[in-house]
Amino acid sequence: MTDRRPNGTAFEDQGGGGPAVVLVHGFGLNRGMWRWQRAALSARYRLITYDLFGHGESAPPPGPPDLALFSEQLLGLLDRLSLARAAVVGFSLGGMIARRFAMDHPERLWGLAILNSAHMRDDAAQQAIRDRVALARAEGPGATVEAALTRWFGDAFRFANPQVMELVRGWLLANDPSVYAEIYAVLAEGVGELIAPKPPIACPTLVLTGDQDYGNSPEMTQAIAAEIPDARSIILPGLRHMAMVEAPEPVNRALLAFLNAHAPGGLDG
């Protein structure tokens, strides 16, 4: 279904009687990336997925894209669904948006999961992502796709799963070149406003990455967790950026254990 009230956000609400969990996808992707999590999570939770502005079936950004704009998009979705609180699970750029939302609207969260998301980059890493933004601005999404697939998936998985590679490649190439680079710049430049968050993030938090996700490294995951009281960090071995696609079982186990432990009313066990 597509919500045109108030902001043109395409979303899927799988219903269910459990507490609400909202999944926020990464840059260049869309709500379809969560297909490997849907069955596991929707068995216990009201699962909601949606497309960020400028992605998938959602409208273009209604103003210059930044983390605050995407945070307000998420707030509008919760209001549209009459959800007082939800757990928010964000991947990569989605993890940045989830942190911004936790800072802007802490009363709307019962849990926060940050997957494969960035903390402060060193100078070389920051220049590398700025170079990719410049390339995307000059040549469009196609200029960055193949390098992204290499960063995102382990070599063995990539070669053994050409259908998955074609699916993800298609998602990336479907992006509108007129806004793709501008949103990419949010991924590149938005991290600074999330460092040592003010106000502090106070809700239960899980931070997870793969030990081979060099752009969103174990050190970044540990740094994010260190800035959030009582946050738990998990590093999954042998995985790059899109761990939830390459190895959904350990990711889903970690998410369910976290959500079950903190769900309103208690679902642990």
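This is a predicted model: local features need pLDDT of at least 70, side-chain atom pairs count only at pLDDT 80 or more; totals for chains, interfaces and linings use all residues.
Residues are numbered from 1 along each chain as its sequence is written, and side-chain values use heavy atoms, with hydrogens and water left out.

Next, switch to a cartoon, where the secondary structure comes to 11 helices and 8 strands; helices (H or I, at least four residues) and strands (E, at least two) are DSSP runs, numbered from the N terminus. The C-alpha trace spans about 50 × 40 × 40 Å along its principal axes. The radius of gyration of the protein is 17 Å, which agrees with the value near 18 Å that a compact globule of 269 residues would have; the radius is taken over C-alpha atoms, and the globule rule is 2.2 Å times the number of residues to the power 0.38. Of the 269 residues, 58% count as buried, where buried means under 20% relative accessible area, exposed over 50% and partly exposed in between (1.4 Å probe, protein chains only).

Now select residues 20–24, strand β3. Because 5 of its 5 residues are buried, β3 is largely enclosed by the rest of the structure. In a regular strand the side chains alternate between the two faces of the sheet. Here A20, V22 and V24 point one way from β3, while V21 and L23 point the other way.

Strand β4 (residues 46–50) runs parallel to β3 and is joined to it by 5 bridges, with V24 standing opposite Y50. Strand β5 (residues 86–91) also runs parallel to β3, joined by 4 bridges, and there V88 is the bridge partner of V22.

Finally, select I114, which lies in strand β6 (residues 109–115). I114 counts as buried because its relative accessibility is 0%. Leaving out residues up to four places away in sequence, I114 touches G90, G95, R99, T205, L206, V207, L208, I224 and I228, a contact meaning heavy atoms within 4.5 Å.

Notes
Two strands pair if DSSP finds at least two bridges between them.
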